[in-house]
Amino acid sequence: MKTTTAIRGLGRTTLLGAMIAMSSAAQADEALPRLEVQWQGFDIRLTGGAASQAAVFDDNDPATDSPDAKVDLFARINAQWTSPGGIIIGVNAEQNSRRRASEVLEAGEIYGFVASDYGRVEVGLQDGPADTLAFAAPLVALGQVRGEFSRYAGTQALLRALDTQDAFKVIYLSPPVEGLRGGVSYSPKVRRNPAAVDSRERIEVNDAFEFGVQYQKPVGDWILGASGGYATGQADPLTTRADLNSWSVGAEARRGSLRIGAAYVDRGDSNRLDRGFDQWEVNGGVGWITPGWGVAGSVAMTRSSDRENRLIGVGGFYRLHPNIEIRADVVSFREERFLFAVDEGFASVLEIQFTI
């Protein structure tokens, strides 16, 4: 069994500070002052914080190393101006010292937007509608089957269609009309690992489009929803990779704090070197989410021409104080490479996050 002996993030100092804050929270549940300015239609908010993780994990791969312990620091700024006519113009920026496996804290997003009764336009580094409008297994805090456990061992679930992530794009999201909402985005270039000497190790996709649609309808005490997403783009011939061509459909049911969701994902051989990979996934789960605490359980089975990945995850969060949250996940995984090897095990992650 492998155990991270170092505490990720601010280490023992952060944990000690968090314990002191827990004790203080028992006496007074007052949040620290928000960094916010509101003046003549302007609303500017600054958020920052730090997260510290510890993990216990086990798998069959002797090459798996305990990850290094670095600081997870993050900062966000949300600024917008509302005109007298109700048009909102603004900019959002998020930065993190490290890429989070769960993408709960985005790294490197920055985009401007304009919103009105006719919809919302975004320009910059931001996720597209194939991701943002898609329903799937509900996740909380560290992400369960698509979460922080993969920093230590195992492979995450797909959850939704393979998309352009935070590549530069232009996005249009329509306003909801009787529960129906749609979106489209265009990315002229999607680049990952561009400095690789071997062009086959690069991801270079041109003229990438994402399409998303979402429908929600109240039925008694429930709110039922369905979604669809599609992403397409042309791979640069120098990479010898397949074109981007991926889609997903999902469904969600909500009643108060209860969330139930599921999705089917088809990624085929999108942007892969090997053809005929034919990758697909089914995922689903249930969650109970309130402002102060939440829990979720999710499962996923991902399969392709030569491998299978099965995941079962449970986790949740509890707000000890308006500025301090404790999060935890336990994920069991079984990865089988047909005719080669099986890697199975579990990862348990505990995190304390401080936010102001």
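Residues are numbered from 1 along each chain as its sequence is written, and side-chain values use heavy atoms, with hydrogens and water left out. Because the model is predicted, local features need pLDDT of at least 70 and side-chain atom pairs count only at pLDDT 80 or more, whereas totals for chains, interfaces and linings use all residues.

The protein has two helices and 18 strands, where helices (H or I, at least four residues) and strands (E, at least two) are DSSP runs numbered from the N terminus. Of its 356 residues, 44% count as buried; buried denotes under 20% relative accessible area, exposed over 50%, and partly exposed the range in between, with a 1.4 Å probe and protein chains only. Among contacts (heavy atoms within 4.5 Å) with a separation of 6 or more, residues 24 or more positions apart account for 60%.

The largest nonpolar core comprises 14 residues, of which Phe57, Phe149, Tyr152, Ala157, Leu311 and Val349 touch the most other members. At least two residues of this core are supplied by each of β3, β17 and β18. Another core, of six residues, lies apart from it and includes Ala167, Val205, Ala208 and Ala231. A nonpolar core is here a set of buried Ala, Val, Leu, Ile, Met, Phe, Trp, Tyr and Cys residues joined through side-chain atoms within 4.5 Å.

Empty space was also examined. Rolling a probe the size of a water molecule over the atoms shows where such space is left. On a 1 Å grid over the protein atoms alone, a pocket is an open set of points where a 1.4 Å probe fits, with protein on both sides within 12 Å along at least five of seven lines, and lining residues have an atom within 4 Å of a point. The second largest pocket has a volume of about 400 Å³, the volume being the space filled by probe spheres set on the points, which are joined across faces, edges and corners. Its lining consists of 20 residues, with Arg34, Thr47, Pro322, Thr355 and Ile356 nearest the centre. Two or more lining residues are given by each of β2 (35-39), β3 (42-58), β4 (72-82), β16 (307-321), β17 (324-337) and β18 (341-355). Strand β3 provides the largest share, three residues. By class, the lining of this pocket contains eight nonpolar, six polar and six charged residues; Ala, Val, Leu, Ile, Met, Phe, Trp, Tyr, Cys and Pro count as nonpolar, Asp, Glu, Lys and Arg as charged, and the others, Gly among them, as polar.

Beyond neighbours within four places in sequence, Arg267 is in contact with Leu158, Arg160, Ala161, Leu162, Asn245, Ser246 and Gln279. The C-alpha atoms of Arg267 and Asn245, 22 residues apart along the chain, are separated by 6.7 Å.

Several loop residues were also characterised. Leu133, in the loop between α2 and β8, is buried at 4% relative accessibility. Leaving aside neighbours within four places in sequence, Leu133 contacts Leu173, Arg181, Gly182, Gly183, Gly212, Val213, Gln214 and Ser227; its C-alpha atom is 5.9 Å from that of Gln214, 81 residues away along the chain. Gln126, in the loop between β7 (119-125) and α2, is buried at 9% and, excluding residues up to four places away in sequence, touches Glu109, Tyr111, Gln165, Asp166, Ala167, Lys169 and Ile171. Gln165, found in the loop between α2 and β8, is partly exposed at 28%.

Backbone geometry was considered last. Most residues other than glycine have a negative phi. Ala141, in the loop between α2 (129-132) and β8 (168-173), has a positive phi of about 50 degrees and is buried at 14%. Asp278, in the loop between β13 (258-268) and β14 (279-289), has a positive phi near 50 degrees and is partly exposed at 45%.
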